[in-house]
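Let's take a friendly walk through a protein model together. Have the sequence and the 3D view ready, and we will go from one residue to the next.

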Amino acid sequence: QVQLVESGGGLVQAGGSLRLSCAASGTIFSFNAMGWYRQAPGKQRELVADTTDGGGTVYADSVKGRFTISRDSAKRTVYLQMNSLKPEDTAVYYCRMARGLQYWGQGTQVTVSS
């Protein structure tokens, strides 16, 4: 069994920064993919950023240049540094880790006020 626990969400003014963290616990000790998705009210869940154990990263066009994903595989933790936040970044942010199967966190709310 694998559990993912996110932290770091909150309320911030436009232009501010937040850092999200997601730590895994359980029986899987390494993941191929570790990333972040988000879901705004009335919208589908979308990819924000993802990273592979080979070092590859991918970002949504809307966050390129503002968000940075990083991972500490030994700690089974993935981070998302979010800078220059905009009101349209408001959403519930979910971490996802995958190794064969995929695992999701419970989500953390990020609210950006204008």
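**Rings, sulfurs and strands**

Phenylalanine 31 and tyrosine 103 are both buried, where buried means under 20% relative accessible area, exposed means over 50%, and partly exposed is in between (1.4 Å probe, protein chains only). Before we go on, note that this is a predicted model: local features need pLDDT of at least 70, side-chain atom pairs count only at pLDDT 80 or more, and totals for chains, interfaces and linings use all residues. Residues are numbered from 1 along each chain as its sequence is written, and side-chain values use heavy atoms, with hydrogens and water left out.

How many aromatic pairs does the structure hold? There are two aromatic pairs. Rings of Phe, Tyr and Trp (its six-membered ring) pair if their centres lie within 6.5 Å; planes under 30 degrees apart count as stacked, over 60 as edge-to-face and the rest as tilted. Phenylalanine 31 and tyrosine 103 make an edge-to-face pair, 6.4 Å centre to centre with 75 degrees between the planes. Phenylalanine 31 is in the loop between strand 3 (18–26) and strand 4 (33–39), while tyrosine 103 is in strand 10 (residues 101–104), so this pair ties together parts that are 72 residues apart in sequence. Helices (H or I, at least four residues) and strands (E, at least two) are DSSP runs, numbered from the N terminus.

Now find tyrosine 37 and tryptophan 104: their ring centres are 5.1 Å apart and their planes stand at 70 degrees, so this pair is edge-to-face. With tyrosine 37 in strand 4 and tryptophan 104 in strand 10, the pair ties together parts that are 67 residues apart in sequence. Tyrosine 37 counts as buried because its relative accessibility is 18%, whereas tryptophan 104, at 33%, is partly exposed.

Leaving aside neighbours within four places in sequence, leucine 47 is in contact (heavy atoms within 4.5 Å) with Trp36, Tyr37, Val58 and Ala60. Its relative accessible area is 29%, so leucine 47 is partly exposed.

Finally, look for the sulfurs. The structure holds one disulfide, a pair of cysteine sulfur atoms within 2.5 Å. The disulfide joins cysteine 22 to cysteine 95, with 1.9 Å from S to S. Cysteine 22 belongs to strand 3 and cysteine 95 to strand 9 (residues 91–99), so the pair ties together parts that are 73 residues apart in sequence. Both cysteine 22 and cysteine 95 are buried.
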